[in-house]
Amino acid sequence: RKQQGGSSFTCAANHHITMARFSSLLALVVALAVAAAPFDASAQATGLAIKCINNTTNPLSTALSYFPPNMRITTDGATAGAVDVAVAAGFTVHYDNTFKLVKTICGKYQPAACQTSTSTFCCRDKTYVLTLCGAAKPTTFANGTALPASATHFTIPLTAVATAKGGVVPFMELLGLLDKIAVVDPQTIHSPCLQKLEEDMVGAGATSSPKANWTKLIAEHPTVTGVWTDSFGTGSSSTDKDIVFDGSADASGVLGRAEWIKYMSLFFNEEDKANLYFANEQKVYKATEQALVAVKGTTTKSCAWVTISAASQWGPASYSISFATYKVELCKSAGLVAYANTTLQAAGTSKQAFNTIAEFHVVLHTIDVVIDETYFSSPSTTVKADVLRTLNITGLKKTGAMLLRTDRHVSDRHSKIRPNTAASGPTVYENVDWLESAIARPALVLQDFAAKVWGVANSPAPAAGCSQYFRDVLAGEMPIVNGKETCARFEAAEKEGKCITNAVNTRSTSGVGVSYTVVVSSILALVAATLVM
């Protein structure tokens with residue numbers, strides 16, 4: 001990992017602190033102080049008592065709600081959850097006495113053509129009934145209304161899951177549920193600690209398999225009670241164990257994608273953990289955004305997210321700029337103005353395609369910060385010359401322009417089940433962390449992005465041991481490869497609270513309730529360093 005970060009600003013000659021910048025930093029400290037406060041759930045007399053129903057210690061009673069308000073997901077800063085909750089545009093949940101009814105919502109990222117298409121690549125609204133362990137499988141709501149016949153039933157909490165989808169992994173890590181992954185296909189995984197789990201074959205019987213054998217593999221592991229997939233069928237087992245998780249496709253924005261940690265929590269009765277984590281993520285993201293207002297000052301910079309696809313058997317070459325909601329928001333939060341075609345936006349399109357590379361270049365050379373998302377099969381060996389050649393340029397014409405890529409951290413190609421062979425070489429991909437943990441950690445993404453755009457003298461880079469997402473191509477930066485041997489470093493940074501917001505990693509109980517402690521990176525040192533500049 002990049003070692004130049006750390007937790008203090010460096011001083012530039014004759015650099016003066018403005019009152020606005022100090023106020024922004026102070027606001028950040030206040031936000032972090034609030035975020036670091038323990039979460040008190042003592043109002044729930046049984047604390048962790050979303051327990052399995054049994055005749056001895058937790059008998060069934062129609063007079064009780066087994067999902068009390070403080071153990072439900074919340075929105076908009078509420079301290080207790082309602083019976084019916086809608087989270088952004090992604091999903092809803094209804095809490096009944098002994099079960100939850102969860103519905104996914106395809107929302108505005110659903111292509112119009114999918115309304116009538118039967119394609120498996122179209123988003124489909126799903127309904128899940130999550131019944132507390134020990135309770136009978138329900139057929140009606142408490143008021144007697146029949147449950148949807150199309151609903152898929154699960155017993156919760158899930159005890160073991162399978163995934164071939166990297167996007168769910170950071171959410172499970174942040175909730176302390178990595179040990180619940182019993183079957184994994186490492187082909188699309190970046191997480192060093194999940195790589196270690198797979199390669200060492202330790203923990204909850206972790207194993208993996210080529211996708212062609214995925215359904216067979218799930219059948220051979222009857223302890224698996226849920227299989228994470230998405231609307232594209234990634235890692236689908238084609239059984240009633242499949243659970244759609246579309247966090248990366250959420251069109252509600254950078255924080256909306258992170259809020260899917262609450263969806264994940266529903267299947268493990270960990271809603272209070274998810275509420276706390278997201279509340280901290282939201283506070284720290286907004287505080288960082290506010291601090292960057294002073295860093296930006298009166299400077300105006302533009303940004304654009306670009307992609308080039310070479311001509312192939314699947315179609316002609318294409319040149320495009322994306323203005324997906326979360327990308328536009330990230331630029332704005334960092335103090336930049338994102339390129340967007342307002343006509344296309346109004347029509348519900350988040351990408352502009354150019355007819356020729358010449359037209360594409362006309363826009364490209366007007367941008368201050370270009371983020372290149374062009375696919376390379378081996379990012380770790382993709383050098384500056386490769387990137388420029390693919391973009392068909394020798395450099396960016398605008399003075400001071402910056403060219404970034406989102407492949408700063410990539411996985412290695414080692415695997416227990418998918419070993420390298422003399423004939424085919426590596427059988428797993430180099431997976432970029434941008435497509436994995438960036439979904440769940442927008443505050444860390446913003447910190448890393450701002451450090452590249454404004455320099456570490458003005459905005460601190462992520463500390464050593466934390467994820468990094470962007471590399472400066474023109475400065476010659478290369479991807480950093482993470483394998484199972486870096487798991488210990490990732491874990492240490494998390495436990496030491498270095499990564500701005502960190503996993504809910506301590507749970508303490510008493511006879512009357514439960515409290516959580518979240519380790520949040522301190523910014524006090526940054527303010528102190530700033531004051532002496």
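**Close-up 1. Strand β15 in this predicted model is covered on both of its faces.** Within strand β15, which spans residues 369-372, Val369 and Ile371 lie on one side while Val370 and Asp372 lie on the other, and all four of these residues are buried. In a regular strand, side chains alternate between the two faces of the sheet.

**Close-up 2. Strand β15 pairs with strand β11 and with strand β16.** Strand β11, made of residues 301-309, runs parallel to β15 and is joined to it by 4 bridges, and here Trp305 has Ile371 of β15 as its bridge partner. The pairing of β15 with strand β16 (residues 402-405) is also parallel and is formed over 4 bridges, with Val370 standing opposite Leu403 of β16. Between β15 and β16 the chain passes through helix α11, residues 384-391, in a β-α-β crossover that is right-handed.

**Close-up 3. The largest nonpolar core of the model holds 90 residues.** The members that touch the most other members of this core are Trp228, Tyr263, Phe267, Trp434, Phe449 and Phe470. Helix α13, which covers residues 442-454, supplies the largest share of the core, with 8 residues.

**Close-up 4. Phe267 is shown with residues that it contacts.** When its neighbours within four places in sequence are left aside, Phe267 is in contact with Tyr128, Leu130, Ile156, Pro157, Leu158, Trp228 and Ile243.

**Close-up 5. Another nonpolar core, of 20 residues, lies apart from the largest one.** Among the residues of this other core are Tyr319, Ile321, Val370 and Ala401; Val370 is also one of the buried residues of strand β15.

How values were computed: Residues are numbered from 1 along each chain as its sequence is written. This is a predicted model: local features need pLDDT of at least 70, side-chain atom pairs count only at pLDDT 80 or more; totals for chains, interfaces and linings use all residues. Side-chain values use heavy atoms; hydrogens and water are left out. Buried means under 20% relative accessible area, exposed over 50%, partly exposed in between (1.4 Å probe, protein chains only). Helices (H or I, at least four residues) and strands (E, at least two) are DSSP runs, numbered from the N terminus. Two strands pair if DSSP finds at least two bridges between them. A crossover is right-handed if, with the strands pointing away from the viewer, the path from the first strand over the helix to the second runs clockwise. A nonpolar core is a set of buried Ala, Val, Leu, Ile, Met, Phe, Trp, Tyr and Cys residues joined through side-chain atoms within 4.5 Å. Contact means heavy atoms within 4.5 Å.
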